[in-house]
Amino acid sequence: MNFNDNKAIYLQIAEWVFEQILNGNWKEGDRIMSVRELGTLLVVNPNTILRSYDFLQKLEVIVNRRGVGYFVAPDATDKIISHRRKQFVEEEVPAFFKTMKLVRMSWEELAELYKES
Amino acid sequence: MIQLQNINFSYHKGRTIFDDLSLSLEGGHIYGLFGKNGAGKTTLLKIIAGLRFPKSGSSTTLGQRAALRKAEMLKNLYFLQEEVYVPAISIRDYVKCYAPFYENFDNEQFEEYLHLFEITSMDDKLTALSHGQRKKVIISFALATNTKILLMDEPTNGLDIPSKGIFRKIMTMAANEDRLILISTHQVRDLHCLIDAVVILDNGHILLNASADDITDKLCFKITDDTGTDEPILYCEENLRGNLLVTENIHHIETKLDIELLFNAVMLNKERINELFNAKN
(Lines give C-alpha, C1' and ligand atoms only; values in the text may rest on other atoms or scores of the structure.)
Protein backbone atom coordinates (compact mmCIF):
# COMPACT_ATOMS: atom_id res chain seq x y z
CA MET A 1 0.00 0.00 0.00
CA ASN A 2 1.26 3.45 -0.84
CA PHE A 3 0.68 6.04 1.81
CA ASN A 4 0.51 9.73 1.03
CA ASP A 5 2.84 12.07 2.76
CA ASN A 6 0.89 14.01 5.33
CA LYS A 7 -1.85 11.98 6.95
CA ALA A 8 -1.29 9.58 9.87
CA ILE A 9 -0.98 6.02 8.60
CA TYR A 10 -3.65 4.62 10.93
CA LEU A 11 -6.16 7.09 9.44
CA GLN A 12 -5.15 6.15 5.89
CA ILE A 13 -5.70 2.49 6.77
CA ALA A 14 -9.14 3.36 8.22
CA GLU A 15 -9.99 5.06 4.91
CA TRP A 16 -8.83 1.98 3.05
CA VAL A 17 -11.25 -0.06 5.19
CA PHE A 18 -14.07 2.44 4.41
CA GLU A 19 -13.42 1.79 0.72
CA GLN A 20 -13.47 -1.98 1.14
CA ILE A 21 -16.89 -1.68 2.81
CA LEU A 22 -18.40 0.97 0.51
CA ASN A 23 -17.41 -0.86 -2.67
CA GLY A 24 -18.72 -4.15 -1.28
CA ASN A 25 -15.45 -6.11 -0.94
CA TRP A 26 -16.19 -6.38 2.76
CA LYS A 27 -19.89 -6.93 3.45
CA GLU A 28 -21.85 -5.85 6.52
CA GLY A 29 -21.80 -8.59 9.14
CA ASP A 30 -18.75 -10.29 7.60
CA ARG A 31 -15.72 -11.23 9.60
CA ILE A 32 -12.69 -9.20 8.55
CA MET A 33 -8.97 -9.89 8.60
CA SER A 34 -7.21 -10.08 11.95
CA VAL A 35 -4.81 -7.37 13.03
CA ARG A 36 -1.84 -9.55 12.10
CA GLU A 37 -3.23 -10.61 8.73
CA LEU A 38 -3.93 -7.03 7.70
CA GLY A 39 -0.50 -5.97 9.03
CA THR A 40 1.16 -8.50 6.76
CA LEU A 41 -1.07 -7.63 3.79
CA LEU A 42 -0.39 -3.89 4.02
CA VAL A 43 3.15 -4.34 5.41
CA VAL A 44 2.46 -2.19 8.43
CA ASN A 45 3.34 -2.68 12.11
CA PRO A 46 0.50 -4.62 13.80
CA ASN A 47 0.24 -1.93 16.51
CA THR A 48 -0.67 0.59 13.81
CA ILE A 49 -3.42 -1.72 12.53
CA LEU A 50 -4.66 -2.12 16.10
CA ARG A 51 -4.90 1.66 16.36
CA SER A 52 -6.91 1.78 13.10
CA TYR A 53 -9.25 -0.93 14.39
CA ASP A 54 -9.73 0.94 17.70
CA PHE A 55 -10.58 4.06 15.71
CA LEU A 56 -13.03 2.10 13.49
CA GLN A 57 -14.63 0.58 16.59
CA LYS A 58 -15.18 4.04 18.08
CA LEU A 59 -16.93 5.04 14.83
CA GLU A 60 -18.97 1.81 15.17
CA VAL A 61 -17.91 0.75 11.68
CA ILE A 62 -16.49 -2.53 12.97
CA VAL A 63 -17.17 -4.52 16.11
CA ASN A 64 -14.88 -6.78 18.10
CA ARG A 65 -16.34 -10.06 19.35
CA ARG A 66 -13.94 -11.16 22.00
CA GLY A 67 -12.09 -14.32 21.10
CA VAL A 68 -13.78 -14.53 17.69
CA GLY A 69 -12.47 -11.53 15.77
CA TYR A 70 -13.50 -8.31 14.12
CA PHE A 71 -16.70 -7.94 12.06
CA VAL A 72 -18.15 -5.26 9.81
CA ALA A 73 -20.98 -3.62 11.79
CA PRO A 74 -24.50 -4.26 10.42
CA ASP A 75 -25.01 -0.54 9.69
CA ALA A 76 -21.39 0.20 8.76
CA THR A 77 -22.25 1.94 5.48
CA ASP A 78 -24.45 4.53 7.25
CA LYS A 79 -21.76 5.12 9.87
CA ILE A 80 -19.09 5.63 7.25
CA ILE A 81 -21.25 8.03 5.24
CA SER A 82 -22.07 10.13 8.28
CA HIS A 83 -18.41 10.20 9.30
CA ARG A 84 -17.26 11.12 5.79
CA ARG A 85 -19.97 13.81 5.55
CA LYS A 86 -18.79 15.39 8.76
CA GLN A 87 -15.21 15.28 7.53
CA PHE A 88 -16.23 16.74 4.17
CA VAL A 89 -18.10 19.64 5.74
CA GLU A 90 -15.47 20.40 8.37
CA GLU A 91 -12.25 19.84 6.44
CA GLU A 92 -12.73 19.71 2.69
CA VAL A 93 -15.51 22.25 2.09
CA PRO A 94 -13.70 25.22 3.72
CA ALA A 95 -10.61 24.59 1.53
CA PHE A 96 -12.87 24.19 -1.51
CA PHE A 97 -14.65 27.52 -0.80
CA LYS A 98 -11.32 29.20 -0.30
CA THR A 99 -10.13 28.08 -3.74
CA MET A 100 -13.51 29.07 -5.27
CA LYS A 101 -13.08 32.60 -3.96
CA LEU A 102 -9.45 32.68 -5.07
CA VAL A 103 -10.33 31.80 -8.67
CA ARG A 104 -13.48 33.96 -8.52
CA MET A 105 -15.88 31.19 -9.38
CA SER A 106 -19.58 31.89 -8.95
CA TRP A 107 -22.29 29.57 -7.60
CA GLU A 108 -23.88 29.43 -11.01
CA GLU A 109 -20.67 28.22 -12.65
CA LEU A 110 -20.27 25.62 -9.96
CA ALA A 111 -23.87 24.45 -10.37
CA GLU A 112 -23.25 23.99 -14.11
CA LEU A 113 -20.17 21.87 -13.39
CA TYR A 114 -22.13 19.83 -10.85
CA LYS A 115 -24.90 19.14 -13.39
CA GLU A 116 -22.34 18.05 -15.97
CA SER A 117 -20.52 15.71 -13.59
CA MET B 1 12.67 -6.59 28.96
CA ILE B 2 15.85 -4.59 28.44
CA GLN B 3 17.09 -2.28 31.17
CA LEU B 4 20.27 -0.24 30.92
CA GLN B 5 21.08 1.96 33.90
CA ASN B 6 23.80 4.58 34.10
CA ILE B 7 26.02 2.76 31.63
CA ASN B 8 29.57 4.02 31.10
CA PHE B 9 31.62 2.47 28.36
CA SER B 10 34.79 3.11 26.38
CA TYR B 11 37.09 0.93 24.34
CA HIS B 12 40.73 0.64 25.41
CA LYS B 13 42.39 4.03 25.46
CA GLY B 14 39.58 5.20 23.22
CA ARG B 15 37.14 8.02 23.60
CA THR B 16 34.05 7.60 25.75
CA ILE B 17 31.26 5.80 23.90
CA PHE B 18 28.57 5.91 26.60
CA ASP B 19 28.39 8.43 29.36
CA ASP B 20 25.79 7.60 32.03
CA LEU B 21 23.39 6.10 29.48
CA SER B 22 20.02 4.74 30.59
CA LEU B 23 17.42 3.00 28.44
CA SER B 24 14.37 0.85 29.06
CA LEU B 25 12.67 -1.18 26.30
CA GLU B 26 9.48 -3.25 26.48
CA GLY B 27 8.06 -6.21 24.55
CA GLY B 28 5.46 -5.87 21.80
CA HIS B 29 7.33 -3.24 19.83
CA ILE B 30 9.63 -2.93 16.86
CA TYR B 31 12.14 -0.28 17.86
CA GLY B 32 14.33 1.55 15.35
CA LEU B 33 17.74 2.48 16.75
CA PHE B 34 19.29 5.47 15.01
CA GLY B 35 22.47 7.48 15.41
CA LYS B 36 25.30 8.93 13.37
CA ASN B 37 28.26 6.78 12.37
CA GLY B 38 30.31 5.96 15.43
CA ALA B 39 27.52 6.88 17.87
CA GLY B 40 27.77 3.41 19.40
CA LYS B 41 24.71 1.60 18.00
CA THR B 42 26.49 -1.71 17.53
CA THR B 43 28.21 -1.41 20.92
CA LEU B 44 24.82 -0.81 22.53
CA LEU B 45 23.43 -3.99 20.96
CA LYS B 46 26.51 -5.91 22.12
CA ILE B 47 26.09 -4.71 25.72
CA ILE B 48 22.43 -5.81 25.66
CA ALA B 49 23.49 -9.22 24.29
CA GLY B 50 26.22 -9.59 26.95
CA LEU B 51 29.07 -9.43 24.43
CA ARG B 52 30.57 -6.21 25.84
CA PHE B 53 30.74 -5.22 29.48
CA PRO B 54 30.06 -1.72 30.70
CA LYS B 55 32.73 -0.05 32.88
CA SER B 56 29.99 0.86 35.33
CA GLY B 57 26.22 0.77 35.48
CA SER B 58 23.93 -2.21 35.01
CA SER B 59 22.69 -3.98 31.91
CA THR B 60 19.75 -6.28 32.56
CA THR B 61 18.26 -8.38 29.77
CA LEU B 62 15.20 -10.57 30.45
CA GLY B 63 15.71 -10.06 34.17
CA GLN B 64 19.29 -11.35 34.10
CA ARG B 65 22.58 -9.47 34.23
CA ALA B 66 23.51 -9.54 30.54
CA ALA B 67 27.24 -10.03 31.20
CA LEU B 68 26.58 -13.37 32.95
CA ARG B 69 25.25 -14.80 29.65
CA LYS B 70 22.99 -17.27 31.45
CA ALA B 71 21.43 -19.97 29.27
CA GLU B 72 17.99 -18.69 30.32
CA MET B 73 18.79 -15.35 28.66
CA LEU B 74 20.69 -16.68 25.64
CA LYS B 75 17.96 -19.05 24.49
CA ASN B 76 15.52 -16.14 24.47
CA LEU B 77 17.71 -13.68 22.63
CA TYR B 78 18.95 -13.61 19.05
CA PHE B 79 21.52 -11.10 17.86
CA LEU B 80 21.77 -10.76 14.10
CA GLN B 81 25.12 -9.13 13.43
CA GLU B 82 25.80 -6.92 10.45
CA GLU B 83 28.36 -9.35 9.02
CA VAL B 84 26.82 -12.78 9.35
CA TYR B 85 29.09 -15.70 10.14
CA VAL B 86 28.32 -18.91 8.25
CA PRO B 87 30.09 -22.27 8.53
CA ALA B 88 30.78 -24.43 5.45
CA ILE B 89 27.69 -26.61 5.85
CA SER B 90 24.30 -26.87 4.16
CA ILE B 91 21.25 -24.87 5.28
CA ARG B 92 19.72 -28.15 6.48
CA ASP B 93 22.74 -28.96 8.65
CA TYR B 94 22.91 -25.39 9.94
CA VAL B 95 19.38 -25.78 11.32
CA LYS B 96 20.25 -29.17 12.82
CA CYS B 97 23.28 -27.63 14.51
CA TYR B 98 21.90 -24.32 15.79
CA ALA B 99 18.12 -24.67 16.14
CA PRO B 100 18.36 -26.86 19.30
CA PHE B 101 19.68 -23.83 21.22
CA TYR B 102 16.29 -22.17 20.75
CA GLU B 103 13.40 -24.10 22.26
CA ASN B 104 10.76 -22.20 20.29
CA PHE B 105 12.44 -22.60 16.91
CA ASP B 106 9.76 -23.23 14.27
CA ASN B 107 10.94 -25.11 11.21
CA GLU B 108 7.73 -24.44 9.26
CA GLN B 109 8.18 -20.70 9.72
CA PHE B 110 11.83 -20.97 8.71
CA GLU B 111 10.92 -22.70 5.46
CA GLU B 112 8.13 -20.21 4.78
CA TYR B 113 10.52 -17.25 5.19
CA LEU B 114 13.11 -18.92 2.95
CA HIS B 115 10.40 -19.56 0.39
CA LEU B 116 9.37 -15.87 0.44
CA PHE B 117 13.03 -14.92 -0.04
CA GLU B 118 13.09 -17.38 -2.96
CA ILE B 119 15.73 -19.63 -1.47
CA THR B 120 14.67 -23.04 -2.69
CA SER B 121 17.38 -25.54 -1.87
CA MET B 122 18.15 -26.56 1.71
CA ASP B 123 21.16 -28.54 0.50
CA ASP B 124 23.27 -25.63 -0.74
CA LYS B 125 26.37 -24.94 1.27
CA LEU B 126 26.08 -21.62 3.07
CA THR B 127 29.61 -20.62 2.06
CA ALA B 128 28.68 -21.12 -1.60
CA LEU B 129 25.94 -18.49 -1.33
CA SER B 130 26.39 -14.78 -2.06
CA HIS B 131 26.54 -12.29 0.79
CA GLY B 132 22.90 -11.28 0.25
CA GLN B 133 21.69 -14.90 0.07
CA ARG B 134 23.53 -15.77 3.30
CA LYS B 135 21.91 -12.81 4.96
CA LYS B 136 18.45 -13.97 3.86
CA VAL B 137 19.06 -17.42 5.36
CA ILE B 138 20.27 -15.99 8.67
CA ILE B 139 17.42 -13.43 8.85
CA SER B 140 14.94 -16.28 8.27
CA PHE B 141 16.66 -18.32 10.97
CA ALA B 142 16.71 -15.39 13.39
CA LEU B 143 12.97 -14.79 13.02
CA ALA B 144 12.12 -18.49 13.24
CA THR B 145 13.91 -18.84 16.60
CA ASN B 146 10.93 -16.99 18.13
CA THR B 147 13.12 -15.56 20.84
CA LYS B 148 11.59 -12.92 23.11
CA ILE B 149 14.29 -10.47 22.09
CA LEU B 150 15.62 -10.00 18.58
CA LEU B 151 18.47 -7.57 17.99
CA MET B 152 19.26 -6.75 14.35
CA ASP B 153 22.25 -4.72 13.20
CA GLU B 154 21.79 -3.30 9.68
CA PRO B 155 19.66 -6.28 8.60
CA THR B 156 18.90 -4.91 5.12
CA ASN B 157 22.52 -4.20 4.12
CA GLY B 158 23.37 -6.39 1.18
CA LEU B 159 19.76 -7.25 0.32
CA ASP B 160 18.65 -6.48 -3.23
CA ILE B 161 15.69 -4.17 -3.92
CA PRO B 162 12.88 -6.78 -4.04
CA SER B 163 14.27 -8.52 -0.96
CA LYS B 164 13.92 -5.34 1.09
CA GLY B 165 10.16 -5.40 0.48
CA ILE B 166 10.04 -9.08 1.39
CA PHE B 167 12.07 -8.32 4.52
CA ARG B 168 9.43 -5.81 5.64
CA LYS B 169 6.62 -8.28 4.99
CA ILE B 170 8.37 -11.05 6.91
CA MET B 171 9.00 -8.68 9.81
CA THR B 172 5.27 -7.94 10.10
CA MET B 173 4.65 -11.69 10.17
CA ALA B 174 7.23 -12.24 12.91
CA ALA B 175 6.21 -9.34 15.16
CA ASN B 176 3.82 -10.10 17.99
CA GLU B 177 2.55 -8.60 21.22
CA ASP B 178 5.30 -10.14 23.38
CA ARG B 179 8.37 -9.91 21.20
CA LEU B 180 10.88 -7.08 21.46
CA ILE B 181 12.60 -6.31 18.16
CA LEU B 182 15.37 -3.71 18.09
CA ILE B 183 16.72 -2.78 14.65
CA SER B 184 19.76 -0.60 14.21
CA THR B 185 20.05 0.92 10.75
CA HIS B 186 20.84 3.87 8.54
CA GLN B 187 18.40 2.65 5.88
CA VAL B 188 15.36 4.44 7.25
CA ARG B 189 13.29 3.77 4.12
CA ASP B 190 13.65 0.05 4.76
CA LEU B 191 11.83 0.43 8.07
CA HIS B 192 8.97 2.44 6.58
CA CYS B 193 5.73 1.63 8.46
CA LEU B 194 7.51 -1.18 10.27
CA ILE B 195 8.80 0.39 13.45
CA ASP B 196 6.45 1.73 16.10
CA ALA B 197 9.07 3.27 18.39
CA VAL B 198 12.24 5.28 17.87
CA VAL B 199 15.46 5.35 19.88
CA ILE B 200 18.05 7.99 18.95
CA LEU B 201 21.59 7.68 20.26
CA ASP B 202 23.87 10.71 20.27
CA ASN B 203 27.06 11.72 21.99
CA GLY B 204 26.98 8.92 24.56
CA HIS B 205 23.35 9.45 25.56
CA ILE B 206 19.86 8.42 24.55
CA LEU B 207 18.46 11.58 23.01
CA LEU B 208 15.02 10.17 22.32
CA ASN B 209 13.11 7.00 23.21
CA ALA B 210 9.48 7.42 22.19
CA SER B 211 6.67 5.54 20.51
CA ALA B 212 5.63 6.65 17.02
CA ASP B 213 2.24 7.66 18.48
CA ASP B 214 3.91 9.79 21.13
CA ILE B 215 6.09 11.45 18.47
CA THR B 216 3.19 12.30 16.15
CA ASP B 217 1.25 13.52 19.18
CA LYS B 218 3.97 16.06 19.95
CA LEU B 219 5.36 16.82 16.49
CA CYS B 220 3.87 17.54 13.05
CA PHE B 221 5.46 16.34 9.80
CA LYS B 222 4.16 18.10 6.72
CA ILE B 223 4.74 19.34 3.22
CA THR B 224 3.45 22.81 2.69
CA ASP B 225 3.70 25.79 0.31
CA ASP B 226 2.50 27.89 3.18
CA THR B 227 5.39 29.57 4.88
CA GLY B 228 3.19 31.14 7.50
CA THR B 229 2.61 28.81 10.41
CA ASP B 230 2.07 29.70 14.04
CA GLU B 231 3.62 26.45 15.20
CA PRO B 232 7.26 26.53 16.35
CA ILE B 233 9.33 25.13 13.47
CA LEU B 234 12.00 22.62 14.47
CA TYR B 235 13.28 21.71 11.04
CA CYS B 236 12.68 22.83 7.46
CA GLU B 237 13.93 21.40 4.21
CA GLU B 238 13.13 22.68 0.72
CA ASN B 239 11.72 20.23 -1.74
CA LEU B 240 10.16 20.44 -5.22
CA ARG B 241 6.72 19.95 -3.74
CA GLY B 242 7.15 22.68 -1.13
CA ASN B 243 8.72 22.85 2.28
CA LEU B 244 9.15 19.75 4.38
CA LEU B 245 8.49 20.88 7.92
CA VAL B 246 8.76 19.46 11.39
CA THR B 247 6.87 21.61 13.86
CA GLU B 248 5.61 21.29 17.38
CA ASN B 249 2.08 19.94 17.26
CA ILE B 250 0.16 22.67 19.05
CA HIS B 251 -3.07 22.21 17.06
CA HIS B 252 -3.22 18.45 17.64
CA ILE B 253 -3.14 17.45 13.99
CA GLU B 254 -2.21 13.84 13.35
CA THR B 255 0.43 13.48 10.66
CA LYS B 256 2.66 10.70 9.42
CA LEU B 257 6.01 10.13 11.08
CA ASP B 258 8.98 10.72 8.75
CA ILE B 259 12.05 9.19 10.42
CA GLU B 260 14.58 11.09 8.33
CA LEU B 261 12.98 14.46 9.10
CA LEU B 262 12.61 13.47 12.75
CA PHE B 263 16.29 12.58 13.01
CA ASN B 264 17.36 15.91 11.53
CA ALA B 265 14.91 17.82 13.73
CA VAL B 266 16.18 16.04 16.84
CA MET B 267 19.83 16.71 15.99
CA LEU B 268 19.12 20.44 15.55
CA ASN B 269 16.98 20.87 18.66
CA LYS B 270 18.38 18.56 21.30
CA GLU B 271 17.31 20.64 24.28
CA ARG B 272 13.79 21.34 23.06
CA ILE B 273 13.28 17.65 22.18
CA ASN B 274 14.45 16.72 25.63
CA GLU B 275 11.94 19.16 27.16
CA LEU B 276 9.10 17.89 24.97
CA PHE B 277 9.69 14.18 25.49
CA ASN B 278 11.50 13.69 28.77
CA ALA B 279 9.77 16.23 30.99
CA LYS B 280 8.10 14.56 33.94
CA ASN B 281 4.45 15.41 33.71
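Strands are DSSP runs of E with at least two residues, and helices are runs of H or I with at least four residues, each numbered from the N terminus. Two strands pair if DSSP finds at least two bridges between them.

The model is predicted: local features need pLDDT of at least 70, side-chain atom pairs count only at pLDDT 80 or more, and totals for chains, interfaces and linings use all residues. Residues are numbered from 1 along each chain as its sequence is written, while chains are lettered from A and ligands numbered from 1 in the order in which they are written.

**Exercise 1.** Determine which strands of chain B are joined to β13(B), and how they run.

*Solution.*
Step 1. Locate β13(B) at residues 242–248 and β11(B) at residues 219–224; six bridges join these antiparallel strands.
Step 2. Within this pairing, Thr224(B) has Asn243(B) as its bridge partner.
Step 3. Turn to β12(B), residues 233–239, which is also antiparallel to β13(B) and joined to it by six bridges. Here Val246(B) stands opposite Tyr235(B).
Step 4. Two residues separate β12(B) from β13(B), and the two strands form a hairpin.

**Exercise 2.** Describe the side of domain 1 of chain B that touches domain 2 of chain B.

*Solution.*
Step 1. An automatic or database domain assignment supplies the bounds: domain 1 of chain B spans 2–203 and domain 2 spans 212–278.
Step 2. Nine residues of domain 1 of chain B contact seven of domain 2 of chain B (C-beta atoms, placed from the backbone, within 7 Å).
Step 3. β3(B) (29–34) and β9(B) (197–202) each give two or more residues to this side of domain 1; β9(B) gives the most, with three.

Note on methods:
Two residues are in contact if their C-beta atoms, placed from the backbone, lie within 7 Å. Ala, Val, Leu, Ile, Met, Phe, Trp, Tyr, Cys and Pro count as nonpolar, Asp, Glu, Lys and Arg as charged, and the others, Gly among them, as polar.
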